[in-house]
Structures are given as structure tokens and as C-alpha cells.
Amino acid sequence: MKRLLLIATLFVSFFSIAKEKYKYVIVPEQFSFFKESNQYNLNALTKSFFETEGFTVFYDTDTLPDELLKNRCLALYVTAVVNKSMFVTKVAINIRDCRNEVLLVSEEGSSREKSYEKAYNQSFRTALTSLKGKINSFEMPANDKSSDTEIIIEKPSVLEDLIPTGTELGNKNILYALPTDTGYKLVNAVPNVIFELNRTTIPDLYLAERGMMDAGIFYKKEGVWNYEFYKKGKLVIEKVEVKF
């Protein structure tokens, strides 16, 4: 009888563990396609949405609680993806786990507003609203909740041949070139697309776009890649570390 009771207790304990929900969400303080933290108040908007869904939400720059520092698999991670065109701003929200696997993608929010601020706010609100009530259904795998869990974040397969062993994921100083039909996409190790490059007839010179905010040229000079663009009427040249 005691043995049966012990087995039943263990079964109930295991079942309750397996059904535990995520309670933390990590939101970036700055989206990769913007140049400023909380631009257009979109990061605060995103954080507020997940708080209303019942999560404890931190920016990726915040000091995290001890249990989350010991086991980052206790949290879900939010990224945003922009699909831009000349007349339409489109945004989708991705929910990932600690292994960088996409668990859920929102509906694509879109706007034809000419104002960047209005367009992004409309698109973000639509995308976030489509996630309402869906994130709470996620259950943490039992082997991801122990404070002793060793966390291994695998590199996305598309970057396996590009990112050297030992490269820290999320390193903002190095970008990696992924070939496209017209040139390259430069991504960081998350991976988020930072630049889109289109070939010209001149070697090592590309037409470049960074999000919807900047457009300029990307070129190699004296062994160094540079991004050159105008900001508020002033010419700006930024050095970029990129691996082709």
C-alpha cells in the first residue's frame, strides 16, 4: 500500500512538473532594425502586452532574478521581424525558447501609413493582438526547469558554416553575409537581418538598406567595410565588421 502511494505521489509530482507554464518573457530593449532603444515606444508597448498576458517581463538589458540567471530556459524570448516594401510596413512577432526554436509566430500586422511612427505602431499592435491568449498555452519541457540544467543554445542551421566555433550568440560587432539573388543579407548571430545589400557594377560596392530608416552604400576601402548614408542632412560613415 505504501509503495502504491509513493508511486502515485511521484506520478502526480511528475505530471504537475510537466504541465508547468512559462512565467518569464524577455523583450529586447532595442529591436535590431532600429537605431535607438524603445524607438517609437514599441519596446515598452511589447513589454506591456506580455505583462497583461500574465507574465513577468524583463528587457534583455535588465538585471534578471537568480533563478532565471541560473536557467534561462524558464523564459520565452521575443523578437520582431520586419517585411518592408515601398508602401507597406509589415511586422511579425516571433516567440522563441532558450534554444532559439520558434514556438509561435504572430499574424503579420501591416500599415500603409506614411509616418514611420504610425505605421510601426499600427503594425505592432495588430501583430501583438493576434497573440492574445495563445502564449499561456505553452508548457515547459520537464528537463528545462531544473536550476542545474546546462543550457545549450544552438546556432541556427543557416549560419552553421558561417559562425566560427566559440562565437558568442548575439554579438553585435560581427555580421554574417547570407547570399541572395541580388546580393547579400547581413545578419547577426540571433539571427536578425541588419542590412540588405544589392550588387552594383562596381566590385565591393553595394546599395544598402538598414531597416526602413536608412539607405546608403556599403563598400570596402583599405580592407575595411563601410556603411555610408545621410542622417538629417549630414553624411555618416560607419565601419562594419562582416564575414562573407
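Me: What share of the contacts in the chain between residues at least 6 apart in sequence joins residues at least 24 apart?
Reply: The share is 47%. To count as a contact, heavy atoms must lie within 4.5 Å. Keep in mind that this is a predicted model.

Me: What else describes the chain as a whole, in helices and strands?
Reply: There are four helices and 14 strands. Of the 244 residues, 40% count as buried. The chain exposes about 14,600 Å², and carbon and sulfur atoms supply 53% of that area.

Me: How do you know that C73 and C98 form a disulfide?
Reply: Their sulfur atoms are 1.9 Å apart. The cut-off for a disulfide is 2.5 Å, so a pair of cysteine sulfurs within it qualifies. C73 and C98 therefore count as bonded. The structure holds one disulfide.

Me: What makes the disulfide of C73 and C98 right-handed?
Reply: The torsion about the S-S bond is about 70°, so the disulfide is called right-handed.

Me: Which parts of the chain does the pair C73 and C98 link?
Reply: Distant ones, 25 residues apart. C73 is in the loop between α3 (66-70) and β3 (75-84). C98 is in the loop between β4 (89-96) and β5 (102-105). C73 and C98 are both buried.

Me: Why is E228 called buried?
Reply: Its relative accessible area is 19%. Buried means under 20%, so E228 falls within the class. E228 is in strand β12 (residues 224-231).

Me: How do you know that the side chain of E228 makes a polar contact with the side chain of Y219?
Reply: The separation is 2.7 Å. The limit for N or O atoms is 3.5 Å, and one must be able to donate a hydrogen and the other to accept it. The pair E228 and Y219 therefore counts as a polar contact.

Me: Which residues is E228 in contact with, leaving aside its neighbours within four places in sequence?
Reply: They are G216, I217, Y219, L235, V236 and I237. For G216, 12 residues away along the chain, the C-alpha atoms are separated by 5.5 Å.

Me: Why is Y230 called exposed?
Reply: Y230 has 59% relative accessibility. Exposed means over 50%, so Y230 qualifies. Y230 is also in strand β12. Together with L235 and I237, Y230 forms a nonpolar surface patch with about 340 Å² of accessible area.

Me: What makes S130 buried?
Reply: Its relative accessible area is 11%. S130 is in the loop between α4 (116-129) and β7 (175-179).

Me: Which backbone atom of E107 lies 3.0 Å from a polar atom of the side chain of S130?
Reply: It is the backbone nitrogen of E107. The backbone oxygen of A127 lies 2.6 Å from a polar side-chain atom of S130. Leaving aside neighbours within four places in sequence, S130 is in contact with S106 and E107.

Me: Why is N41 called partly exposed?
Reply: N41 has 45% relative accessibility.

Me: What is the phi of N38, which is not a glycine?
Reply: The phi of N38 is positive, about 50°. N41 is not a glycine either, and has a positive phi of about 65°. N38 lies in the loop between β1 (24-27) and α2 (42-52). N41 lies in the loop between β1 and α2 as well.

Technical notes. Residues numbered from 1 in each chain as written. Predicted model: local features only at pLDDT ≥ 70, side-chain atom pairs only at ≥ 80, totals over all residues. Heavy atoms only, no water. Helix = DSSP H or I, 4+ residues; strand = E, 2+ residues; numbered from the N terminus. Buried < 20%, exposed > 50% of the residue type's maximum accessible area, 1.4 Å probe, protein only. Patch = residues over 30% accessible without salt bridge, like charges linked within 9 Å, V, L, I, M, F, W, Y side chains within 5 Å. Areas by Shrake-Rupley, 256 points an atom, 1.4 Å probe, with all protein chains shown as cover. Salt bridge = Lys/Arg side-chain N within 4 Å of Asp/Glu carboxyl O.
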